[in-house]
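User: I am new to reading protein models. Could you take me through one, feature by feature?

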Amino acid sequence: MKAVVMEGPKLPLEVRDMPVPEVGPRDVLIKVMACGVCRSDWHIWQGDWAWIGLKPPMPAILGHEQAGIVEQVGADVRLIKPGMRVLTPFHNGCGACRFCNSGDSNLCERAGRRTGGFAQYAVIGGADFNAIPLPDEVSFAAGAAMGCRFMTAYHGVADRGEVKGGDWVVVNGCGGIGLSAIQVAASLGAQVIAVDLDETKLVRAREQGAVATVDATAGDVPARVREITGGGADVSVDALGIKATLLNSVNSLRKGGIHVQIGLTSAAEAGEVSLPVDAMVFNEVQFRGSLGNPHHHYRPMLNMVVSGKLNPESIVSERIALADVPRVMESMGSFGTVGFTTIEDFS
Ligand SMILES: [Zn+2]
Ligand SMILES: [Zn+2]
């Protein structure tokens, strides 16, 4: 099969012939129909996140935002059948540990095997749990986005941020996750303020439902947010994970506000950013991490996509071929992509 192969951190990515991955008894093999190119793929390519133990063996096939058609099923798979359209959350769950059992499968203690989506075929391990059927009304491109960025934004906003109608919500960073967070928060009835330093992305943010935008190059972001909201936001999201967006987010909150950290940090922070602890205590500001989306939350999210209340596909701005992946990954170093860039041509 054709795949985009990474040999090591920052080494050139190449399209190459690779063996089709083997299918274990609890796995399924899918023909990949769509796969998003996510900033997390770029981070792994840069060698980031070794500080939290994320260091895939080389050579690696990246891509973790895939949807496709089931081609082959392992001997012990009961619910997933050949020909089914499925997506899969980037965090597999074992389906049996204490976190999976209590509904927090995004925090699974022993997430299983899966292979990368920058390829014609990919394996989903523990498929009865981790292959999520994609309704016929939902495109593969939308399904792919719900493997990582869109579902991550959904969980961050709806669950971790507890966003409700009328809330002021700030979204810092209007990449794929940020635009998704804006769409989800707006669909829940929140008033969303989008922050970025790229005018094109702020235009996209308004299209996704932001009622106000703040140009981060124009000065004091938290002061501007306090002005717009009359005292600070109820919820603020860091959708990027650099020091500036993280601190802007925390400092934009009203008393009792909730900061949701979705973005993981880059090489400059290496996982650590100093926080204004005293102010956070005095203001009872909450700092909440948010990772992926527990499996059982797929049902309400997919229902909202089917009914048209949510529209992940509207965030797709470029549809590419597998051979374009190296170029797109390169451009991510300078934040060159807008919205979702999705591979749809695997020939
Ligand atoms: Zn588990
Ligand atoms: Zn991702």
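**Reading the model**

Analyst: This is a predicted model, where local features need pLDDT of at least 70, side-chain atom pairs count only at pLDDT 80 or more, and totals for chains, interfaces and linings use all residues. Residues are numbered from 1 along each chain as its sequence is written, chains are lettered from A and ligands numbered from 1 in the order in which they are written, and side-chain values use heavy atoms, with hydrogens and water left out.

User: Which residues coordinate the zinc ion (ligand 1)?

Analyst: Start with the rule. Donors are N, O and S atoms within 2.8 Å of the metal (3.2 Å for Na, K and Ca); water is not among the atoms, so sites may look incomplete. Here C94, C97, C100 and C108 each give an SG atom, at 2.3 to 2.4 Å. Their spacing in sequence is C-x2-C-x2-C-x7-C.

User: Why is the arrangement around the zinc ion (ligand 1) called what it is?

Analyst: Look at the angles. Four donors count as tetrahedral if all angles lie between 85 and 135 degrees. The 4 donor atoms around this zinc ion subtend 101 to 117°, so the arrangement is tetrahedral.

User: Is C97 buried or exposed?

Analyst: Buried means under 20% relative accessible area, exposed over 50%, and partly exposed in between (1.4 Å probe, protein chains only). C97 has 2% relative accessibility, so C97 counts as buried. C100, at 10%, counts as buried too.

User: Which charges lie over the face of a ring?

Analyst: A charge sits over a ring if NZ of Lys or CZ of Arg is within 6 Å of the ring centre and within 35 degrees of the ring normal. R39 lies over the face of W42, at 5.2 Å from the ring centre. R85 lies over F140, at 4.3 Å.

User: What about backbone angles? Where does E162 lie, and what is its phi?

Analyst: Most residues other than glycine have a negative phi, and most peptide bonds are trans. E162 has a positive phi of about 50°, although it is not a glycine. E162 lies in the loop between α5 (149-160) and β9 (168-172). With a relative accessible area of 44%, E162 is partly exposed.

User: What is the phi of E284?

Analyst: Phi of E284 is near 45°, again positive in a residue other than glycine. E284 lies in the loop between α10 (277-282) and β14 (286-289). E284 is exposed, at 62% relative accessible area.

User: Is the peptide bond from M58 to P59 cis or trans?

Analyst: That bond is cis, with omega near -5°. P59 is found in the loop between α1 and β4.

User: Last one: is A3 buried or exposed?

Analyst: A3 is buried, with a relative accessible area of 0%. A3 lies in strand β1 (residues 2-6). The C-alpha atoms of A3 and A122 are separated by 10.0 Å, and these residues are 119 apart along the chain.

Definitions and conventions
Four donors count as tetrahedral if all angles lie between 85 and 135 degrees; four count as square planar and six as octahedral if opposite donors are over 155 degrees apart and all others between 65 and 115; anything else is irregular. Helices (H or I, at least four residues) and strands (E, at least two) are DSSP runs, numbered from the N terminus.
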